[in-house]
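Thanks for coming. I will go through one model today, part by part. Please have a look at it before I start.

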Amino acid sequence: MAKESKNNSRAPREEAAAPEFIEKVVHINRCAKVVKGGRRFTFSALVVLGDGKGLVGIGFGKAKEVPDCIKKATEHARKNMKSVSLKDSTIPHEVIGSFDGGKVLLRPAAPGTGVIAGGGVRAVLEAVGVKDVLSKSLGSNNDMAMVNATLNALYQLRTADAISALRS
């Protein structure tokens with residue numbers, strides 16, 4: 001009986017410790033190395049992880065098997081999560097983010113508009129919890145550049161309360 005009560009008391013703590021995250025695999029790349037016996041393949045994965053309430057992180061993992069590289073990327077994303085300022089179901093103001101050759105323009109939208117974005121930009125916005133936003137890719141279409149440019153734009157966001165607190 002002591003073991004049963006111990007297991008029952010442990011179960012709720014494990015559920016409470018692991019919050020639900022939205023995991024999106026943006027891109028999986030296969031790389032080939034030619035060796036004496038033929039080709040050796042390795043894989044890399046770009047993963048976006050968010051809680052849908054303003055917390056988001058990205059991870060990049062490499063391994064010889066696809067599930068392993070996705071697992072590595074997810075762990076990396078979980079370690080690098082940052083908070084983003086949101087206004088209801090959209091973003092507080094228009095912003096442009098850039099990274100390498102990628103540029104992303106994000107505009108707030110009226111409720112019911114939905115996420116007007118493609119590829120990696122959509123994955124980041126859905127993971128962070130934005131429901132209504134307009135976006136435009138202005139530069140590269142490389143997945144890594146677009147995801148990082150989107151994160152750069154989201155990290156620039158400030159709410160009206162935060163700006164007024166800084167000014168006074």
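Over which residues does pLDDT stay under 50? That is residues 9-17, and for them the model has 0 contacts beyond four places in sequence. Here pLDDT is the predictor's confidence in each residue, from 0 to 100, and contact means heavy atoms within 4.5 Å. The chain averages a pLDDT of 88, and 89% of the residues score at least 70.

Some ground rules. This is a predicted model, in which local features need pLDDT of at least 70 and side-chain atom pairs count only at pLDDT 80 or more, while totals for chains, interfaces and linings use all residues. Residues are numbered from 1 along each chain as its sequence is written, and side-chain values use heavy atoms, with hydrogens and water left out.

Now the sheet. Helices (H or I, at least four residues) and strands (E, at least two) are DSSP runs, numbered from the N terminus. Two strands pair if DSSP finds at least two bridges between them. An open sheet is formed by 4 strands in the order S1-S2-S3-S4, with antiparallel pairing. S1 and S4 (82-83) are at the edges with a single partner strand each, so one side of each has no neighbour in the sheet. Between S2 and S3 there are 8 bridges. Ser 44 stands opposite Lys 62 in S3.

Next, helix H2. It covers residues 66-79, which is 14 residues, and reaches 20 Å from its first C-alpha to its last. Which residues of H2 are buried? They are Cys 69, Ile 70, Ala 73, Thr 74 and Ala 77. Buried means under 20% relative accessible area, exposed over 50%, and partly exposed in between, with a 1.4 Å probe and protein chains only. Seen down the axis of H2, the buried residues fall within an arc of 140 degrees, so they line one face of the helix. That arc is taken from the directions from the helix axis to the C-beta atoms. These buried residues pack against S1 (22-35), S2 (38-50) and S3 (55-63). The face turned away from the buried side carries the exposed residues Pro 67, Lys 71 and Lys 79.

Last, the interior. A nonpolar core is a set of buried Ala, Val, Leu, Ile, Met, Phe, Trp, Tyr and Cys residues joined through side-chain atoms within 4.5 Å. The largest has 27 residues, and Val 48, Leu 106, Leu 125 and Leu 154 have the most contacts inside it. Apart from it lies another core of 7 residues, including Ile 70 and Ala 73.

Note on methods: Expected span 1.5 Å × (residues − 1).
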